[in-house]
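Hi,

Here is the structure I promised to pass on.

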Amino acid sequence: MSLKILKLPFYVTTSEHDPIADFFNPVLEHAQQYDIAVGYFSSTWLRDTAHGMSNFAVNYGKARWIISPELSLEDFESLQVNGQMCDERAKEFISRSYESLYQQLTQHTREALGWLINDGILCFKIGIPKNRLSGIMHAKQGLFTDVLGNRVGFLGSYNLTGGANTNWEAFSVFCDWTSSESFERNDVIARSFDNMWSGQDPNLALYDPSAADLEKFTSAARNSSKQYELFPPEESNSSKAALYSRTNRQLRDYQKEGIQKWLENNGRGILHMATGTGKTFTALTAVRKLNDFIVQKNGKLCIVVTVPYQHLAEQWAHEAKEFGFEPVLCYGGVGLWMKECQRRLNELSSKVRQYVMLITVNASMSDKPFQSVLTSYSGNILFVGDEAHNLGAPNNLKALPENAAFRLGLTATPDRYGDEEGTVGLKQYFGEIVLDYGLDKAISGGHLCRYYYYPILVHFDEEEQAEYAELSMRIGRLFGHVSEQDHAQSEQLSRLLIKRARLVGKARNKLPALIKLLKERDEISHTLIYCGDSKESGKRYLDVALAKIGGDLGLRASPFTSEENNVERTRLLRQFAFGEIQVLLAIRCLDEGVDVPMTRTAYILASSANPKEFTQRRGRVLRRSDGKDNAHIYDFIVVPDFEKLSGQIPLNAEQSLMKRELARFNEFAVLAENHGEALSKIIEIKKSLHLLDH
């Protein structure tokens with residue numbers, strides 16, 4: 001992100017501003033480099049500096065801090081030998097300072113600080129004045145730089161100490177782009193800092209922390225799960241903690257309506273909300289309101305949130321903290337979470353706490369350990385199912401807690417494709433749809449951007465056509481004759497359908513058509529390509545496409561699949577946002593819970609007739625972003641040669657199979673800005689299959 005989009009004060013005083021909220025937090029969230037030289041080294045300055053550091057770390061920022069131990073005159077004199085700084089004594093004093101810091105910090109903060117150091121995000125150096133100077137290093141200057149080289153500097157009396165917000169402090173802010181004078185001041189700050197950091201300042205002795213000094217911190221990190229949040233939100237037994245939200249976002253009218261109807265429905269119901277319309281924020285506001293009511297009645301509430309994937313659980317935990325909650329993440333090895341979970345619930349039962357939030361993933365939710373947690377608690381439970389359509393599978397439906405008095409389902413696709421029983425089961429459990437805010441309403445309401453839809457018709461080559469005909473003939477023989485009781489035939493039909501879908505997904509002529517389209521574009525950026533998971537000759541289709549796009553066209557492209565871990569995904573998304581990566585090639589994992597609002601163009605090489613999949617994908621592309629007025633979606637539709645198929649395959653079988661593909665096309669085309677143009681592309685296919693009414 002660019003620092004230039006921020007509106008920063010030119011002069012910050014603690015009398016008129018909150019330096020953390022008004023300056024440090026927003027700048028850290030947009031910076032890639034953070035250089036600071038400032039006096040005093042104590043545990044309290046960490047709390048001030050910690051604000052915004054977690055976002056900075058997630059964006060792979062690099063921070064260099066030159067700090068100074070707080071020295072009395074006696075301390076300073078003890079470090080001298082014959083009027084000169086004694087390095088050995090200074091190093092011993094610094095080591096004691098690190099030990100003192102370690103002892104003063106909570107375990108959580110030790111671990112987070114350890115990860116910042118371990119991952120190279122944060123580098124310390126200790127500065128102690130020497131020669132003609134004495135006392136402490138009293139510098140108070142810093143420089144933030146974003147990935148585009150824009151800089152924000154500050155200079156003044158602000159210290160990174162616990163009293164910095166209670167003292168009368170002030171500093172000036174210099175933005176490169178506001179004036180040539182500000183640019184020159186930042187140059188001076190940069191040169192001054194670089195001189196100090198490289199040890200070229202003649203009056204400053206600089207010391208790197210030893211490996212032994214840092215070992216306790218990095219060891220604490222390696223023995224814990226990775227997290228960069230130095231200070232978790234403080235939890236209170238009063239209702240204020242649960243009601244406090246650090247977000248400035250305001251509810252939209254449709255969100256207010258959904259929350260109100262859910263509350264009027266006794267805390268039960270489903271929010272049908274298009275991807276990108278704020279499901280999580282709406283849900284957390286509803287949770288907060290219900291919690292408020294129960295706490296005011298001196299009651300207790302156990303809030304259980306379940307999501308399909310771990311990265312979604314982490315996102316939920318992050319946003320829940322913005323509302324004052326401190327959730328327990330309940331997945332992975334039982335030993336990682338069960339003890340803390342039971343401790344919180346015991347405190348809830350004994351009225352030490354008034355609320356607890358547990359966040360889990362669907363697989364863990366349905367397992368025995370978490371089921372035992374759900375059944376053992378006898379108080380009020382609010383059960384929140386995110387991406388609730390996934391909970392309609394038989395094993396998940398059985399695991400839904402019947403003892404939950406309050407239930408909230410969240411989904412962009414409330415109807416499960418081809419599973420009427422699962423759809424009915426979800427509505428019986430969660431209740432009726434209390435908010436219906438699909439893509440059409442979200443687009444017309446301006447909450448998702450408008451889009452243009454281009455169906456790209458692609459034909460099989462001769463070998464693929466023959467294989468398609470063979471598969472379709474076998475499918476046609478089974479189609480309509482398979483009963484629910486005949487499991488063997490049902491499985492055979494399913495295998496044939498999957499094999500045919502993969503043949504369609506990897507049709508060879510798609511890639512040349514894609515390359516042709518990419519070559520016709522003057523400028524390519526923020527482009528997303530959805531590939532299938534098929535292989536040919538042992539190579540993934542995605543890798544073949546990547547070689548063509550990255551090699552032959554010379555575009556900066558990268559895969560985005562389940563093989564990349566969360567840290568790698570965060571890096572890829574950041575680089576994609578800043579244009580360092582022009583093209584992302586994805587397999588499924590961008591369908592749920594991964595935000596790519598900056599995407600302007602999407603090419604769908606492989607999709608399915610499942611509304612859940614294509615609705616999620618379209619919603620990802622339509623999220624609003626700065627400077628994005630509309631999106632462009634290119635949908636590759638494989639069209640068999642129906643003349644060659646005639647006589648080989650019963651027409652009604654092919655009609656039934658194509659209806660599902662046409663449903664996806666119609667769904668995309670009807671809301672597009674160029675719907676007339678899009679519809680004309682498919683009319684010949686409909687004519688050939690006598691499906692003009694579909």
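**What I found**

The protein has 27 helices and 25 strands, where helices (H or I, at least four residues) and strands (E, at least two) are DSSP runs numbered from the N terminus. Before you read on: this is a predicted model, so local features need pLDDT of at least 70 and side-chain atom pairs count only at pLDDT 80 or more, while totals for chains, interfaces and linings use all residues. Residues are numbered from 1 along each chain as its sequence is written, and side-chain values use heavy atoms, with hydrogens and water left out.

**The overall picture**

Of the 694 residues, 53% count as buried. Buried means under 20% relative accessible area, exposed means over 50%, and partly exposed is in between (1.4 Å probe, protein chains only). The accessible surface of the protein is about 31,200 Å², and carbon and sulfur atoms hold 48% of that; the areas come from the Shrake-Rupley method with a 1.4 Å probe, and for residues only the protein chains shown count as cover. As for contacts (heavy atoms within 4.5 Å), take those with a separation of 6 or more: 78% of them are between residues 24 or more positions apart.

**Salt bridges**

The whole structure has 22 salt bridges, each being a side-chain nitrogen of Lys or Arg within 4 Å of a carboxyl oxygen of Asp or Glu. One of them joins R64 and D194, with the closest N and O atoms 3.2 Å apart. R64 is in strand β3 (residues 62–67) and D194 in helix α7 (residues 180–197), so this pair ties together parts 130 residues apart in sequence. D194 is partly exposed, at 37% relative accessible area.

Elsewhere, salt bridges that share partners join E340, R343, R344, E347 and R353 into one network.

**Aromatic pairs**

A pair of aromatic rings is described by the distance of the centres and the angle of the planes. Here, rings of Phe, Tyr and Trp (its six-membered ring) pair if their centres lie within 6.5 Å; planes under 30 degrees apart count as stacked, over 60 as edge-to-face and the rest as tilted. The count by this rule is 26 aromatic pairs. Y34 and F144 are stacked, because their ring centres are 4.5 Å apart and their planes are at 10°. Y34 sits in strand β2 (residues 33–38) and F144 in strand β7 (residues 140–145), so the pair links distant parts of the chain, 110 residues apart. Y34 is buried at 1% relative accessibility, and F144 is buried at 0%.

Y603 and Y634 make a stacked pair as well, 4.8 Å centre to centre with 15° between the planes. With Y603 in strand β24 (residues 601–604) and Y634 in strand β25 (residues 630–639), the pair ties together parts 31 residues apart in sequence. Both Y603 and Y634 are buried. Going back to Y34 and F144, ring pairs also link them with F23, F24, F56, W65, F124, F154 and F171 in a cluster.

**A few local spots**

T13 belongs to strand β1 (residues 11–13) and is buried, at 4% relative accessibility. A polar atom of the T13 side chain lies 3.1 Å from the backbone nitrogen of E16.

Helix α12 (residues 310–322) has 13 residues and should span 18 Å at 1.5 Å a residue; its end C-alpha atoms are 19 Å apart, which agrees. That expected span is 1.5 Å times one less than the number of residues. Its buried residues are H311, L312, A313, W316, A317, A320 and K321. Just after α12, G324 takes a positive phi of about 90°.

Lastly, P202 is in the loop between α7 and β10 (204–207), and it is exposed at 53% relative accessible area. P202 and P129 are 73 residues apart in sequence, yet their C-alpha atoms are 9.1 Å apart in space.

Cheers

Notes:
Polar contact = N/O pair within 3.5 Å; in protein donor to acceptor, adjacent residues only side chain to side chain.
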